[in-house]
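Let me put the model up, and then I'll walk you through it.

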Amino acid sequence: MAKKESQTKSFILRVDSEMMNAIEAWAADEFRSTNGQLQWIITEALRKAHRLPKKRQKNENTENAESAE
């Protein structure tokens, strides 16, 4: 059976202990996991730098599907 390709990718990140403690405390303050907090930090940095790909609107996908019929 073929393995499904995941939309998320795993990687190893080395962080010094002081920075990790700060990230863990921040995550706890916002009721997130450490991983969730790191994802949020990266997403916000990419958004502010205008480097995130634009999301397609659901209406466009629906209209394109209807036009193909």
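So, Glu 30 first: it counts as partly exposed, at 33% relative accessible area. By that I mean the band between buried, under 20%, and exposed, over 50%, using a 1.4 Å probe and protein chains only. Before I go on, some housekeeping: this is a predicted model, where local features need pLDDT of at least 70, side-chain atom pairs count only at pLDDT 80 or more, and totals for chains, interfaces and linings use all residues. Residues are numbered from 1 along each chain as its sequence is written, and side-chain values use heavy atoms, with hydrogens and water left out.

Back to Glu 30. Its side chain meets that of Arg 32 in a salt bridge, 2.5 Å from N to O. The cut-off there is a side-chain nitrogen of Lys or Arg within 4 Å of a carboxyl oxygen of Asp or Glu. Arg 32 is partly exposed too, at 31% relative accessibility.

How many salt bridges does the structure hold? It holds 2. The other partners are Arg 47 and Glu 44, with their closest N and O atoms 2.7 Å apart. Those two sit 3 residues apart in helix 2, residues 34-48, so about one helical turn separates them. Arg 47 is partly exposed, at 44%.

Now the overall layout. The chain has 3 helices and 0 strands, and along the sequence that reads α-α-α. These are DSSP runs numbered from the N terminus, H or I of at least four residues for helices and E of at least two for strands. Just after helix 2, His 50 takes a positive phi of about 55 degrees.

On to the aromatics. There is 1 aromatic pair in the structure. Trp 26 and Trp 40 have ring centres 5.6 Å apart and planes at 85 degrees, so the pair is edge-to-face. For the record, rings of Phe, Tyr and Trp (its six-membered ring) pair if their centres lie within 6.5 Å, with planes under 30 degrees apart called stacked, over 60 edge-to-face and the rest tilted. Since Trp 26 lies in helix 1, residues 17-29, and Trp 40 in helix 2, the pair ties together parts that are 14 residues apart in sequence. Trp 26 is partly exposed at 35%, and Trp 40 is partly exposed at 31%.

So is Gln 37 buried or exposed? Buried, at 0% relative accessibility, and its place is in helix 2. Leaving aside neighbours within four places in sequence, Gln 37 is in contact (heavy atoms within 4.5 Å) with Ile 23, Trp 26, Ala 27, Glu 30 and Arg 32. Across the chain, buried residues make up 6% of the 69 residues.

Last, the surface. The chain's accessible surface comes to about 7200 Å², with 52% of that belonging to carbon and sulfur atoms; this is Shrake-Rupley with a 1.4 Å probe, and for residues only the protein chains shown count as cover. Ile 42, Leu 46 and Leu 52 make a nonpolar patch of about 230 Å². Patch residues need over 30% relative accessible area and no salt bridge, with like charges joined within 9 Å and nonpolar side chains (Val, Leu, Ile, Met, Phe, Trp, Tyr) within 5 Å. Leu 46 is in helix 2 and is partly exposed at 32%.
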